[in-house]
Amino acid sequence: MIDLRSDTVTKPTAGMLQAMMSAKVGDDVFGEDPAVNELEEKIAGMFDMEAALFCASGTMTNQIAIKCHTQPGDEVICDRLSHIYQYEGGGIAFNSGCSVNLIDGNYGRITAEQVEAAINNRNDAHKAYSKLVSLENTANRGGGSCYNFDDIKAIKKVCEANNLLLHLDGARLFNAIVAKNELEKDYGKIFDSVSICISKGLGAPVGSVLIGTKDFIKKARRIRKVFGGGMRQAGFLAAACMYALDNHIERLQQDHYHASRLAETLRQKDFTGEMYPVETNIIIFQVKGKYTASQLAEVLKKNDILAIAISKTQVRMVTHLNITSAMIDEAIEVINHL
Ligand SMILES: *Cc1c(COP(=O)(O)O)cnc(C)c1O
């Protein structure tokens, strides 16, 4: 099977399993797991931020960040397609008691002007306090789109002028950094908190990291415990994440190249309608003519290719660590014959 449903389907490599087997572990709730401590120090250092916290999932890191940054009744500003709003089970309301101000962005990206226009007047008793802006890079439901860094800087300016905190859902931040040739440290300078998934394109079985100031992470550690996310000998998982950071970042270029080859093939087909710009490892396109989206997914499946119909009219394909160039050749061959 050539599994293009998601970059979360990856299996640990032999090298990663070896790293997990030889991890030095302890009780992380006591702060005594060397492998977890090493991972947290490493990633904080990469971003030139003070501290980091290892968590079970990207939903957990995002939700902890939102909880730490807000009080019930505050409002979070984000794109309408944001994972924090669409795919985290209503967690912003459930965990933090906050409302959301949704912006219609450009493939999941919002602008400084849009943020400014979404800020409520603090002196108007009718309005929730605007407190936090959350960006997503790459934007999942925007087809893996990336921000231009200048646009992020402009948003930061608006946040500073209006006392707003700025969070980054960087589930696939390394895809953006590789695609745009950026520096981790530049992100560390701008954001109050950054969430990164190591279990997506980087290929770890489990794990996300939240990065911020010492004070923020101290608070986040407490919230993680309240959310039931305190893990004990988590170093076995942290060692897999450490291995991923050491070995699987640069190769993301390969995933992006594979996605561009698939996209080019799909664009030639008469069943392909509008396709989102393909900037990283995600392809989202309209299906028209002889197939519906689910019929196309079915036909592909009969040919040992898995893709997802993400709506009645759209199919998504995602490239990742376990997709080889030979698999892309094979997938192209199949698509050419549909
Ligand atoms: C996958 C993802 C997350 C976190 O998902 P988990 O499955 O909880 O790890 C957060 N944001 C975005 C944009 C994602 O794609």
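**A sheet and a cavity**

Author: Seven strands make an open sheet, ordered S2-S8-S7-S6-S5-S3-S4, with mixed pairing. Strands here are DSSP runs (E, at least two residues), helices are runs of H or I with at least four, and both are numbered from the N terminus. Two strands pair if DSSP finds at least two bridges between them. This is a predicted model, where local features need pLDDT of at least 70, side-chain atom pairs count only at pLDDT 80 or more, and totals for chains, interfaces and linings use all residues. Residues are numbered from 1 along each chain as its sequence is written, and side-chain values use heavy atoms, with hydrogens and water left out.

Reader: Which strands stand at the edges?

Author: Strand S2 (51-55) and strand S4 (99-103). Each has a single partner strand, so one side of each lacks a neighbour in the sheet.

Reader: In what sense do S2 and S8 pair?

Author: Antiparallel, over five bridges. Strand S8 covers residues 208-212. Ala-52 has Ile-211 in S8 as its bridge partner.

Reader: OK, S6 now. Why is S6 said to be largely enclosed?

Author: Five of the six residues of S6 (residues 165-170) are buried, so the rest of the structure largely encloses this strand. Buried means under 20% relative accessible area, exposed is over 50%, and partly exposed lies in between (1.4 Å probe, protein chains only).

Reader: How many bridges join S5 and S6?

Author: Five, in the parallel sense, and S5 spans residues 129-136. Val-133 has Leu-166 in S6 as its bridge partner.

Reader: Through which helix does the chain cross from S5 to S6?

Author: Helix H7 (residues 149-161). This β-α-β crossover is right-handed: with the strands pointing away from the viewer, the path from the first strand over the helix to the second runs clockwise.

Reader: And S6 with S7, how many bridges?

Author: Four, again parallel, with S7 at residues 193-197. Leu-168 stands opposite Val-194 in S7.

Reader: New topic. How many cavities of 30 Å³ or more are there?

Author: One. A cavity is a set of points, on a 1 Å grid over the protein atoms alone, where a 1.4 Å probe fits but cannot get out; lining residues have an atom within 4 Å of a point.

Reader: What volume does the largest cavity have?

Author: About 40 Å³. Volume is the space filled by probe spheres set on the points, which are joined across faces, edges and corners.

Reader: Which helix gives the most to its lining?

Author: Helix H8 (residues 173-180), with three residues. The lining residues include Leu-173, Phe-174, Cys-197 and Leu-252.

Methods:
On a 1 Å grid over the protein atoms alone, a cavity is a set of points where a 1.4 Å probe fits but cannot get out, and a pocket is an open set with protein on both sides within 12 Å along at least five of seven lines; lining residues have an atom within 4 Å of a point.
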